[in-house]
Protein chains: 4
Amino acid sequence: MPRKVREQQIIDVAVGIFAKRGYHAASVDEIAELAGISKPMVYLYLDSKEGLFLACLRREAERLVAAFQEAARGAGAAPELRLYAGLSAFFAFVTAHRDSWVVLHRQASELSEAIAAAVAEARRAVMAEVAGLIRDGITESGRGARLGGQDADFVAHALVGAADSLTDWMEHHPGQSPEAVTLRLMNMVWVGMRDVLDGEAWLPEG
Amino acid sequence: MPRKVREQQIIDVAVGIFAKRGYHAASVDEIAELAGISKPMVYLYLDSKEGLFLACLRREAERLVAAFQEAARGAGAAPELRLYAGLSAFFAFVTAHRDSWVVLHRQASELSEAIAAAVAEARRAVMAEVAGLIRDGITESGRGARLGGQDADFVAHALVGAADSLTDWMEHHPGQSPEAVTLRLMNMVWVGMRDVLDGEAWLPEG
Amino acid sequence: MPRKVREQQIIDVAVGIFAKRGYHAASVDEIAELAGISKPMVYLYLDSKEGLFLACLRREAERLVAAFQEAARGAGAAPELRLYAGLSAFFAFVTAHRDSWVVLHRQASELSEAIAAAVAEARRAVMAEVAGLIRDGITESGRGARLGGQDADFVAHALVGAADSLTDWMEHHPGQSPEAVTLRLMNMVWVGMRDVLDGEAWLPEG
Amino acid sequence: MPRKVREQQIIDVAVGIFAKRGYHAASVDEIAELAGISKPMVYLYLDSKEGLFLACLRREAERLVAAFQEAARGAGAAPELRLYAGLSAFFAFVTAHRDSWVVLHRQASELSEAIAAAVAEARRAVMAEVAGLIRDGITESGRGARLGGQDADFVAHALVGAADSLTDWMEHHPGQSPEAVTLRLMNMVWVGMRDVLDGEAWLPEG
DNA sequence: TATGAATGAGTATTCATTCAT
DNA sequence: GATGAATGAATACTCATTCAT
């Protein structure tokens, strides 16, 4: 069996176990056994438990970002439609691949530098993508005059954080389709942003 | 030294260590040593590593929720001002107590039933608070006709997720005061929500 | 409360706990709590866990031996009747005081020199008593010519071992009264011994 | 080194340590070290301290029962000769393998359910064997009329208890060969039983 | 390539025992 | 006389990792 295939098989199993048990509670023993392979092979291919987890992280992050980008790029020129398509792909992905999501989202802390860095990098990639779309949207709408680059970043963080949190929300509202969630989120954020840019400010005084 | 005082000292230290190392990597040995106490005392007072972590979780969650509620309640009658005050208190709290935040936010997975339940409960309490304010705001504005209870929940999840994520953003933009962040988030969400309620919909077609 | 009384109270509780949990699994904490006293008091009165156990051992051994002796002495002059009465008292005692018996009989090993010595001493006292009666019986019957002192000891060991074992047997045959068991054991041993002394030998050849 | 061999080595060592120190005082560390193996191997092969002890218990019980049965079966048809041969083998075994005997005989209490069950089972097996021979002896002698099944059990308990106790006695009388002890015990019990069955009763009145 | 056998290092937890008051 | 507070020391158990084959 070719090396690359074996490696992917191991990663497949590992993602499941890491999602179910968490990084620490997962044991290399269990992963090897479920992958139908001996432990030394796992070490030969992936180097260490950390290497194995990193491989999982990278593959799943890549898949998630790819899903987002592909959808966004296939959605024509309008930035808001691209954002919409990307978000839609995101919700579809996390719905379909819970394990990937759990590994990406819930294991960030208490891990080594290397892992924390990989997680941060994955998140940064998503943020950049989203912020880019937002920036484009602002520019295109001709409303960008008053805004520096920081604003798109701010909105991107808010939006991605909202999306993360709504992923949990979806779990408790199974009737809601990913599409419906996407649409509602777009409405809330995009309209808000647009109006704010139009000068419709909210101030504590009301 | 009286028991209650010692207990708080231990929890103080433990929050720091758990935040720095994560639940699994943290060792009871280290916590005891840093607290200037012997390990058996830790076990006598907090029962187990899990009990210790739960105590940390509960105390910090209580403090965070209390900060939010106190601020919100002291801010008059208008729901939007109360929400604003609450968010403001939230950002101030997580800025001032990074460790508390890390313990609350980043340790949810791979832990025992009991711990997961405590984390979920803490998050639920925050959500309920926020959703209540949003619901009040909708009702008071007279725009509630078209909305069921689920909508406030949806917005609350989006808002809380955005706030979580912006906490990370703040870390990389130290110039931004918690107040400024709060104001921008309010603008984005509140204005967006208000306008959506007013019928200003966004649809994929543009 | 006078010291002696307290001491006995502690020993009462300790016998129960040691019987229920065994020496090692029993914790001084539990004993102190059940005795309604603080741990340092237990140490003040009994010195150590081992001291406490020794005190239990000695008191219960004394009681058991006393029960046997008293019964034997109250039973007239005939050695066989005295033996019968003693055995009868023994079975009555272990039936009535299971905890004492368990502590005396089942904790002999894995303990310190001192404890092992105390157990051995208790057993030795019982053996001496029994062997004495047997020796008297042999002498009186005029059959002692062919026997040295070792024989009485041998029979005593066999008899006491049989009694120990029958204590377990009684537990699974609750219908059997201590008196009935005593009588059957006497018949088996006494008749056998008497006939053997009369020359009725058994040899492998049949 | 093949697994099965290692396992037996570990058990060999463990029997010695458990006999010397008792279950609780024995440490897995010490056993591993004496076996010239690392602790994780002990756990891999035997699962837990309890598992290790159970393995010792089962192996030694099996050996003892096997020694008894083999001797009894090789001794022809007469039940009394088979009993004699079995007892003889028993005394030879406990003389030759003191450690096995200590582990089997002195660790029954304060241990877990599982261990207590194993000990009880071992004793039950011995009892059944002995009781069977006694029952055969009674039947064959044509004296069984007046006896129910319980009597053989009663005699078996007495006999096994006597044998246990005489094992201790032998330790203090090194001059006595196992054969001599066996013969004396047979005489005492068998003759007594036979005569009792013949109607030669003993009653308290004399 | 593949693995059965092996381990060093570390962790949570418990308990008998003793001060300081 | 009495106790709440405190601890040193020990132990079962686990796991990532590697070697010999």
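This is a predicted model: local features need pLDDT of at least 70, side-chain atom pairs count only at pLDDT 80 or more; totals for chains, interfaces and linings use all residues.
Residues are numbered from 1 along each chain as its sequence is written, chains are lettered from A and ligands numbered from 1 in the order written, and side-chain values use heavy atoms, with hydrogens and water left out.

**How chains C and D are related**
- Turning chain C by 179°, with 0.0 Å of shift along the axis, superposes it on chain D with an RMSD of 0.2 Å (least squares on the C-alpha atoms of residues with pLDDT of at least 70 in both copies).
- The two copies are thus related as by a two-fold rotation axis.
- Both copies use the same surface, as 100% of the contact residues of chain C recur in chain D (contact means heavy atoms within 4.5 Å).

**The annotated stretch in chain A**
- An unreviewed UniProt entry places a "DNA-binding region" at residues 27-46 of chain A (UniProt positions follow the numbering used here, feature names are shortened, and annotations may be inferred rather than shown by experiment).
- That stretch of chain A, residues 27-46, is 75% helix and 0% strand, with its end C-alpha atoms 14 Å apart (helices are DSSP runs of H or I with at least four residues, strands are runs of E with at least two, and both are numbered from the N terminus).

**Helix 4 against helix 5 in chain D**
- The axes of helix 4 (residues 49-73) and helix 5 (residues 79-96) of chain D come within 7 Å and cross at roughly 145° (axes are lines fitted to C-alpha atoms, for helices over the stretch in contact, and angles run from 0 to 180 degrees between N-to-C directions).
- Among the residues that meet here are D:Leu64, D:Phe68 and D:Ala71 from helix 4 of chain D, and D:Leu83, D:Leu87 and D:Phe90 from helix 5 of chain D.
- By class, this contact in chain D has eleven nonpolar, one polar and three charged residues (Ala, Val, Leu, Ile, Met, Phe, Trp, Tyr, Cys and Pro count as nonpolar, Asp, Glu, Lys and Arg as charged, and the others, Gly among them, as polar).

- Most residues other than glycine have a negative phi.
- A:Asp47 is not a glycine, yet its phi is positive, at about 85°.
- A:Asp47 sits in the loop between helix 3 (39-46) and helix 4 (49-73) of chain A.
- A:Asp47 is exposed, with a relative accessible area of 62% (buried is under 20%, exposed over 50%, partly exposed in between, with a 1.4 Å probe and protein chains only).
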